[in-house]
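Me: Please take a close look at the charged side chains of this model and at the loop beside them. Keep it brisk, and give the cut-offs.

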Amino acid sequence: MAEKIIALIEDVLRVPRGTITEETKVDEVEEWDSLAHVAMIGELEEKLGIVIPLEASLEIGSVKELLEQCGKCAE
């Protein structure tokens, strides 16, 4: 599932495959602004059925944290 989520992030950010890893931090990617962040959360819900609460989504600062939230939502 992590691979699908990372691919979705790369699609939303419009960056080449392999640009984003589990260790990527939000502030390391120029394209990852607040608008892209909101779009990403929406795409996770629409395409993968993963719903992240708004408050939790605001705290995400890295791909690792995003994956952790996705895991919590799947429980």
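Reply: A polar contact is a pair of N or O atoms within 3.5 Å; within protein, one must be able to donate a hydrogen and the other to accept it, and residues adjacent in sequence count only if both atoms are side-chain atoms. The model is predicted, so local features need pLDDT of at least 70, side-chain atom pairs count only at pLDDT 80 or more, and totals for chains, interfaces and linings use all residues. Residues are numbered from 1 along each chain as its sequence is written, and side-chain values use heavy atoms, with hydrogens and water left out.

Start with the loop. Serine 62 sits between helix 3 and helix 4. Helices are DSSP runs (H or I, at least four residues), numbered from the N terminus. A polar atom of the serine 62 side chain lies 3.1 Å from the backbone nitrogen of glutamate 65. Serine 62 counts as buried because its relative accessibility is 9%. Buried means under 20% relative accessible area, exposed over 50%, partly exposed in between (1.4 Å probe, protein chains only).

Glutamate 59 is in the loop between helix 3 (54-58) and helix 4 (63-74). With 63% relative accessibility, glutamate 59 is exposed. Glu59 also belongs to a negative surface patch, together with Glu55, Glu65 and Glu68. Patch residues have over 30% relative accessible area and no salt bridge; like charges are joined within 9 Å, and nonpolar side chains (Val, Leu, Ile, Met, Phe, Trp, Tyr) within 5 Å. Asp and Glu count as negative, Lys and Arg as positive; His and the chain ends are not counted. The charge is placed at CD of Glu, CG of Asp, NZ of Lys or CZ of Arg.

Now the pairs. Side chains of opposite charge can pair when their charged atoms come close. The structure has 3 salt bridges. Each needs a side-chain nitrogen of Lys or Arg within 4 Å of a carboxyl oxygen of Asp or Glu.

Lysine 47 bridges to glutamate 43, with the closest N and O atoms 2.9 Å apart. Both residues lie in helix 2 (residues 34-48), 4 residues apart, about one turn of the helix. Lysine 47 is exposed, at 56% relative accessibility.

Shared partners join Glu10, Asp11 and Arg17 into one network of salt bridges. Glutamate 10 meets arginine 17 at 3.4 Å, N to O. Aspartate 11 pairs with arginine 17 at 2.9 Å between the closest N and O atoms. Glutamate 10 is buried at 3% relative accessibility, aspartate 11 is partly exposed at 46%, and arginine 17 is exposed at 53%.

Conventions. Accessible areas come from the Shrake-Rupley method with a 1.4 Å probe; for residues, only the protein chains shown count as cover. Helices (H or I, at least four residues) and strands (E, at least two) are DSSP runs, numbered from the N terminus.
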